[in-house]
Amino acid sequence: MEPTNEPMRLSKRMAQLGLCSRREADSYIEQGWVKVNGQTAVLGQKVTENDRIDLNKQAHEQQANRVTILLNKPVGYVSAQAEKGYKAAAELITAENQWEGDDSRITFSEKHKFGLAPAGRLDIDSVGLLVLTQDGRIAKQLIGESSNSEKEYLVRVRGKLDDKGLALLNHGLSLDGEKLRPAKVEWQNEDQLRFILKQGKKRQIRRMCELVGLRVVGLKRIRMGKVKLGKLPPSKWRYLKANESF
């Protein structure tokens with residue numbers, strides 16, 4: 001795309017460039033950790049696509065210390081804030097629940113629990129891979145508007161599905177008045193489908209199945225981007241390793 005050169009907020013431009021999230025950008029700017037064309041930036045500053053933006057050493061160090069956690073979420077936990085008497089999945093992030101097979105070489109610290117946010121939610125009655133991160137760049141990569149990251153699910157269903165219905169699940173359905181992006185949907189076995197999506201509308205898979213006469217009785221996320229759930233047991237968690245990326 002050709003540069004538009006339309007002025008925009010510095011924090012928005014930093015998020016566009018994948019340097020950090022907008023909220024992180026404002027924090028870095030407030031602390032004097034951002035330079036625009038060699039000059040220390042100020043909050044609310046406008047820039048164009050031609051301006052050079054640099055983060056200083058403190059910002060890079062803070063980013064390097066941020067952790068991302070992979071949790072095998074069980075049924076009955078909500079992905080974000082606790083609600084309606086249900087616990088938040090983040091409450092499972094304790095020293096006792098860390099998977100014995102975690103070979104990330106990261107030592108657990110209580111500070112790793114602060115600022116954790118889910119990058120892609122799972123319904124309260126769904127299980128599997130939930131990514132909780134302190135790093136706005138990872139959240140943007142997985143669930144940002146321009147995200148092209150795949151999410152893979154195993155979905156146990158009841159009902160009858162003909163070839164036409166299967167074709168519609170792959171491409172042709174609409175939700176909330178909007179056509180869904182193409183998906184990859186195939187039979188895994190006689191009562192279980194494998195879904196690969198590149199978007200994440202609320203209860204999307206359950207609603208897609210309802211549109212073709214199926215009822216979901218079990219849903220498990222097994223992959224986000226290039227990172228798989230693997231052997232991580234239910235209710236256990238591990239750190240994302242330095243050599244892993246989504």
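Tutor: Start with β11 and β15, which pair in the antiparallel sense over six bridges. Keep in mind that this is a predicted model.

Student: How many residues of β15 are buried?
Tutor: Six of the six, so β15 is largely enclosed by the rest of the structure. Both of its faces are covered. Q192, R194 and I196 are buried on one side. L193, F195 and L197 are buried on the other.

Student: Switching to helices. Which residues are buried in α2?
Tutor: E24, A25, Y28 and I29, in a helix that spans residues 22-30. These four sit on the same side of α2, because they cover an arc of only 135 degrees around the axis.

Student: Why would residues a few places apart point the same way?
Tutor: An α-helix has 3.6 residues a turn, so residues three or four places apart point the same way.

Student: Which exposed residues are on the face of α2 turned away from the buried side?
Tutor: R23 and E30.

Student: What covers the buried residues of α2?
Tutor: The cover includes α1 (10-16), β2 (34-36), β5 (53-55), α3 (57-64) and α4 (136-143).

Student: What follows α2?
Tutor: G32, whose phi is positive, near 75 degrees.

Student: Now α6. Which residues are buried there?
Tutor: Q204, I205, R206, M208 and C209 are buried, in a helix that runs over residues 204-211. Among the elements that cover them is β15 (192-197), the strand we began with. β11 (151-158) and α5 (163-170) are also among them.

Student: What comes after α6?
Tutor: G213, with a positive phi near 85 degrees.

Student: You named C209. Why does C209 count as buried?
Tutor: C209 has 0% relative accessibility, and buried means under 20%, so C209 counts as buried.

Student: C20 then, buried or exposed?
Tutor: Buried, because C20 has 1% relative accessibility.

Student: Last one. How many disulfides are there in the whole structure?
Tutor: A search finds zero.

Note on methods:
Residues are numbered from 1 along each chain as its sequence is written. This is a predicted model: local features need pLDDT of at least 70, side-chain atom pairs count only at pLDDT 80 or more; totals for chains, interfaces and linings use all residues. Side-chain values use heavy atoms; hydrogens and water are left out. Buried means under 20% relative accessible area, exposed over 50%, partly exposed in between (1.4 Å probe, protein chains only). Helices (H or I, at least four residues) and strands (E, at least two) are DSSP runs, numbered from the N terminus. Contact means heavy atoms within 4.5 Å. The arc is that of the directions from the helix axis to the C-beta atoms. Two strands pair if DSSP finds at least two bridges between them. A disulfide is a pair of cysteine sulfur atoms within 2.5 Å.
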